[in-house]
Amino acid sequence: MKRNLIVLIILGILLGQCNTEKLRIEEGYKEVNGVKHYYKIIGEGEPFIILHGGPGMYHDELYPFFLDFARENKIIFYDQRGNGKSLLEKIDSTTFNVELLVDDLEELRKVFGIENLNIIGHSWGGLLAMYYGVEYPENIKRLILVDAAPVNTELLIACYKKQISMFKPEEWEYVQKLWESKEYLEGDPEIHNEAMRISEGTVFSNKSVIDDYMKVAAFDEVTAKNAVALNDLATQIKLNIHVQDKLSNIKCPTLIINGKDDFIVEEAVQLANTLIVNSEVVYIENAGHYPYIENKKAFFEELNKFIERTTHNNVYTK
């Protein structure tokens, strides 16, 4: 009996590996607006483009957790300009700003030959998705906002205050020392990863999966230096959020999906829900800022239900 169980387990693992290998994968660079954007496409079917968080992060923090979703859909990842492998020769306010990031997404839509986008945006990527949505509402089929950053700076500051309260006092003191250290400011990946493990660790409700995140999201020498170079510009973007007054432009079915224990304050979630007319809110239990990792089963069940009920003319309306 024991031998048969071991054989079945090994067979299951091998079959799982084979299924992953069967997924169609394409990767490379698409140049738009003078920047070579790194992209990765996996799977076939209806296309969904995924926007990573940051600024300063890259698609790796999402990629492996959406492989099962790619069995039924085509998933398009890309590193936003100046992030990950989408390098900029010069990083300043003339080469990195919200308007350019929105225009990049629009040009990539054209390059990929997609008439209407399904956008999944996580954290900062959710805010970028909303910026895109208010400018190009006619080009979106569905909008999925995953623990999206708030639609105004005041609420973002409230979120950061909540996150700070989630640190142990000694953790908060230590991570500030890391952020201010010479090694961190010079882009030492080891120090960046140590700081990220502590800071991101606070926003995971399910602490058992932090290692899964760190394995794929860890900085290397290039991405750590990029994060430093983008830091001041990212701060300016977050101190000048200007999307709220145009959110009524977004008419497509919108899913606002958050971890129940996230540091994104309830007021931010409800304001987005109020201002985006055709939207609904779903909370994932036992999850913080990364529900697609922390409670993967529940997250993708809700995502797939939303897709099913917004297929064709069967759309959600308030």
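**Backbone and surroundings**

Guide: The protein exposes about 15,200 Å², with carbon and sulfur atoms supplying 52% of that area; accessible areas here come from the Shrake-Rupley method with a 1.4 Å probe, and for residues only the protein chains shown count as cover. The model is predicted, and local features need pLDDT of at least 70, side-chain atom pairs count only at pLDDT 80 or more, while totals for chains, interfaces and linings use all residues. Residues are numbered from 1 along each chain as its sequence is written, and side-chain values use heavy atoms, with hydrogens and water left out.

Twelve helices and eight strands make up the secondary structure, where helices (H or I, at least four residues) and strands (E, at least two) are DSSP runs numbered from the N terminus. The radius of gyration is 20 Å, close to the 20 Å of the globule rule for 318 residues, so the protein is as compact as a globular protein of that length. That radius is taken over C-alpha atoms, and the rule is 2.2 Å times the number of residues to the power 0.38. Along the principal axes, the C-alpha atoms fill a box of roughly 60 × 45 × 40 Å. Of the 318 residues, 53% are buried; buried means under 20% relative accessible area, exposed over 50%, and partly exposed in between (1.4 Å probe, protein chains only). Among contacts with a separation of 6 or more, 72% join residues 24 or more positions apart, a contact being heavy atoms within 4.5 Å.

Now the backbone itself. The peptide bond from Gly54 to Pro55 is cis, with omega near -10 degrees. Pro55 sits in the loop that runs between strand 3 (46-51) and strand 4 (73-78).

Two further positions concern phi. Ser123 is not a glycine, yet its phi is positive at about 60 degrees. This serine belongs to the loop between strand 5 (117-122) and helix 3 (124-135), and Ser123 counts as buried at 16% relative accessibility. Asn286, again not a glycine, has a positive phi of about 55 degrees. Its loop lies between strand 8 (279-284) and helix 11 (291-294). Asn286 is exposed, with a relative accessible area of 53%.

Arg109, in helix 2 (residues 98-111), is buried at 12% relative accessible area. Leaving aside residues up to four places away in sequence, Arg109 touches Ile114, Glu115, Leu117, Tyr132 and Asn139. Lys22 lies in helix 1 (residues 2-22) and is exposed at 67%. The C-alpha atoms of Lys22 and Arg71 are 9.2 Å apart, although 49 residues separate the pair in sequence. Asp232, in helix 9 (residues 221-238), is exposed at 58% relative accessibility.

The structure holds zero disulfides, a disulfide being a pair of cysteine sulfur atoms within 2.5 Å. Cys159 is buried, at a relative accessible area of 0%, and Cys252 counts as buried at 7%.
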